[in-house]
Amino acid sequence: MPELPEVEALAHHLREHAEGRTVTRVDVASMTVLKTVSPAWTDLHGREVTGASRHGKHLDLVCGELHLVTHLARAGWLRWSDSLPPAPPKPGGKGPIALRVHLDGPGFDLTEAGTKKGLAVWIVRDPGEIPSIARLGPDALEVDRAKLGELFAGRTERLKTALTDQSLIAGIGNAYSDEIMHAAKLSPYSTPGKLDDAALDRLADAMRQILLDAVERSVGQSAARLKGEKRSGLRVHARAGLPCPVCGDTVREISFADKAFQYCPTCQTGGKPLADRRMSRLLK
């Protein structure tokens with residue numbers, strides 16, 4: 001899933017390559033991705049791209065008074081092309097293309113792999129009209145140590161859950177939450193409201209450092225290279241069974257539903273593997 005660093009890099013790419021160009025045509029290959037009816041996608045035709053920004057994990061292409069906002073969900077992506085084919089993608093086709101934006105020359109496709117569809121597109125005058133943006137917490141890059149303490153006061157869920165709750169902190173997903181907790185030497189099962197000052201200090205430092213490093217690696221990369229860049233910088237996420245690059249212990253995994261998270265027992269849990277309670281219940 002694209003998270004804060006990748007979406008920030010995509011916004012930067014659009015500012016560099018799309019800003020100042022005119023939207024000549026929008027092709028909708030999958031009507032299910034459109035979550036708004038008015039303004040229509042055809043209202044974007046003839047408008048100049050005036051900017052691009054990010055709201056949490058939402059990508060915002062600004063076209064004058066209108067915003068084309070996208071949430072890429074788990075398997076969505078933006079594919080930039082210096083030359084798009086003139087024929088529109090087939091509506092309802094089996095291919096990955098959901099929506100195509102033609103600019104005066106280049107353009108991009110919004111695509112989604114797999115069968116579980118979560119890609120969402122809104123065309124609005126104010127991004128604050130979008131419910132998932134309206135309920136966002138503060139952006140993760142704007143959360144300092146004092147703010148983190150305020151946000152976590154009295155919280156009783158697991159730390160993993162809190163870090164990925166977009167209404168609490170915006171922009172962090174499954175991968176970077178694993179990386180942040182590993183860097184902070186904290187268990188995913190820690191209780192946020194019970195973290196002491198030293199733990200909160202480490203967590204705030206890790207959050208900022210991990211995200212800023214990822215943004216620095218990602219910004220300036222072409223959209224096609226961003227996924228590989230993300231994978232190359234991960235220390236524990238998606239590395240189950242491999243040695244921890246810090247201590248050499250084997251990275252472990254907890255699986256649930258269609259998700260999983262990874263951690264290092266030595267670095268994060270005092271050498272003790274975490275109990276996978278969901279799996280335990282299935283085995284009873």
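The entries below follow the order in which I looked things up.

**Entry 1: the model.** I noted at the start that this is a predicted model.

**Entry 2: the largest pocket.** I began with the largest pocket and read a volume of about 820 Å³. I found 32 residues in its lining, and those nearest its centre are Met 1, Glu 3, Asn 174, Ala 175 and His 237. I then looked up which elements give two or more residues to this lining, and wrote down β5 (76–81), α4 (159–163), α5 (174–184), α7 (226–232) and β10 (259–263). The largest share, 4 residues, comes from α7. Sorted by class, the lining of the largest pocket holds 13 nonpolar, 7 polar and 12 charged residues.

**Entry 3: the second largest pocket.** I read about 230 Å³ for the second largest pocket. Met 1 is in its lining, together with Gly 56, Lys 57, His 58, His 71, Ala 73, Arg 74, Ser 132, Arg 135, Leu 136, Gln 166 and Ser 167. I sorted this lining as well: 6 residues are polar, 3 are nonpolar and 3 are charged.

**Entry 4: helix α5.** Of its 11 residues, 9 are buried, so α5 is largely enclosed by the rest of the structure. I listed the buried ones as Ala 175, Tyr 176, Ser 177, Asp 178, Glu 179, Ile 180, Met 181, His 182 and Ala 184. What do the buried residues of α5 pack against? I found α1 (4–17), α4, α6 (197–218), α7, β10 and α8 (265–268). Lys 185 follows the helix, and I noted that its phi is positive, near 60 degrees.

**Entry 5: Ser 187.** I moved on to the loop between α5 and α6, where Ser 187 is found. Is Ser 187 buried or exposed? Its relative accessible area is 12%, which is under the 20% cut-off, so Ser 187 counts as buried. I traced its side chain to the backbone nitrogen of Tyr 189, at 3.0 Å. Leaving out residues up to four places away in sequence, Ser 187 touches Leu 159, Met 181, Gln 268, Thr 269 and Leu 274.

Entry 6: The largest nonpolar core here has 34 residues, and Leu 14, Leu 78 and Phe 108 have the most contacts inside it. I noted that α1, β1 (23–28), β3 (58–63), β4 (66–71), β5, β6 (97–103), β7 (107–112) and β8 (120–124) each supply at least two residues of this core. Its largest share, 5 residues, comes from α1. I looked up Leu 78 and, setting aside neighbours within four places in sequence, found it in contact with Leu 10, Leu 14, Leu 59, Leu 72, Phe 108, Asp 109, Leu 110 and Ala 223. Another core, of 28 residues, lies apart from the largest one, and its members include Ala 162, Ile 169, Ala 184 and Ala 204.

**Entry 7: Leu 141.** I ended with Leu 141, in the loop between α2 (131–134) and α3 (145–152). Leu 141 is partly exposed, with a relative accessible area of 21%. Neighbours within four places in sequence aside, its contacts are Leu 4, Arg 54, Arg 208, Leu 211 and Leu 212. I also checked Leu 141 against His 17: they are 124 residues apart along the chain, and their C-alpha atoms are separated by 25 Å.

Definitions and conventions:
Residues numbered from 1 in each chain as written. Predicted model: local features only at pLDDT ≥ 70, side-chain atom pairs only at ≥ 80, totals over all residues. Heavy atoms only, no water. 1 Å grid on protein atoms, 1.4 Å probe; cavity = no way out; pocket = protein on both sides within 12 Å on 5 of 7 lines; lining within 4 Å. Points joined across faces, edges and corners; volume = space filled by probe spheres on them. Nonpolar A, V, L, I, M, F, W, Y, C, P; charged D, E, K, R; others polar. Buried < 20%, exposed > 50% of the residue type's maximum accessible area, 1.4 Å probe, protein only. Contact = heavy atoms within 4.5 Å. Core = buried A, V, L, I, M, F, W, Y, C linked by side-chain atoms within 4.5 Å. Polar contact = N/O pair within 3.5 Å; in protein donor to acceptor, adjacent residues only side chain to side chain.
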